[in-house]
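Hi everyone, thanks for coming. Let's take a look at the chain together, starting with the whole and then moving to one residue.

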Amino acid sequence: MQNSKKRKLKPQNLLIVLACICLIIGTFVVLLSNHSTSNSDSKTKTVNKHYETIATVMIDAGHGGYDGGTVAEDGTTEKDLTLALALETGKQLKKLNPEIKVVYTRTSDKVTWSEDETEDLKARVKMAKKEKADYFFSFHINSNEDPTCSGYVSYIRQDDKASEQITEYICKNLSGLDWTHDRGTLTTEFYPLHVVDEQKIPAILFEAGFSTNTKEIQKLKNSTNQKKVAQAIAKAFNKYITENK
């Protein structure tokens, strides 16, 4: 029986084998990289999905900065409540319809205008024009010497049919809330309001409730109630805009 001898690879053959191994590994790495890039691009496209803007709504948190507005017995300021309501409404509107662009007159207690009431009001109107807003909605909190006064009220221009329809939708959406009621929609013919009267676009000033009513102000401070009000307003704007785009 003959002894078997192990064959040794010649140097040139060894180089060929190593080259083949490197080629296979390189091909695998390239394929894996391409697959990873493809997935990454896909995720990026999903995140950066583009929405066509069908309308721009400017939401105004009344007062702010130097101007606290009305102050409730417990120290709650109007400017803080209007800001909370404005931001929540914008959030709900964007969530409801990404095709509606939302802009704000302010997003914090810091205001960009001078500490002058007249200039303050003018600045809000100018911002709406600068942002090319299609709709303007201003939040406020009411007050009255009678502490039993409660409910919400809207103010619009007499000839503003769009805002009239939107406020009807808002009132209908809010009708299910058991903690407040509709005091009606009034025109600025008898209640002049600069941020409404000086606009060329549909404009609404909305008094969400009374700071002088101790029960109502507590309910308005509740984040759950704020969300309900915000959703009611967001749904109203979305309904009107989608019906009339």
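In what order do the elements of the chain run from the N terminus on? Reading along, we get α-β-α-β-α-β-β-α-β-α-β-α-α. Counted up, that comes to 7 helices and 6 strands.

Before we go further, please keep in mind that this is a predicted model. How confident is the predictor? The average pLDDT of the chain is 87, and 80% of the residues score at least 70. Over residues 1–7 the pLDDT stays under 50, and the model gives them 0 contacts beyond four places in sequence.

Now, the chain as a whole. It has 245 residues, and 42% of them are buried. Among contacts with a separation of 6 or more, 81% link residues 24 or more positions apart. As for the surface, the chain exposes about 15,000 Å², with carbon and sulfur atoms supplying 52% of that.

Let's zoom in on one residue, T77. Where does T77 sit? You'll find T77 in the loop between β1, residues 55–61, and α2, residues 78–96. Is T77 buried or exposed? T77 has a relative accessible area of 15%, so T77 counts as buried, the cut-off being under 20%.

And who are its partners? Leaving out residues up to four places away in sequence, T77 touches G68, T70 and V71. There is also a polar contact of 2.8 Å between the side chains of T77 and D80.

Terms used: Residues numbered from 1 in each chain as written. Heavy atoms only, no water. Helix = DSSP H or I, 4+ residues; strand = E, 2+ residues; numbered from the N terminus. Buried < 20%, exposed > 50% of the residue type's maximum accessible area, 1.4 Å probe, protein only. Polar contact = N/O pair within 3.5 Å; in protein donor to acceptor, adjacent residues only side chain to side chain. Contact = heavy atoms within 4.5 Å. pLDDT = per-residue confidence, 0-100. Areas by Shrake-Rupley, 256 points an atom, 1.4 Å probe, with all protein chains shown as cover.
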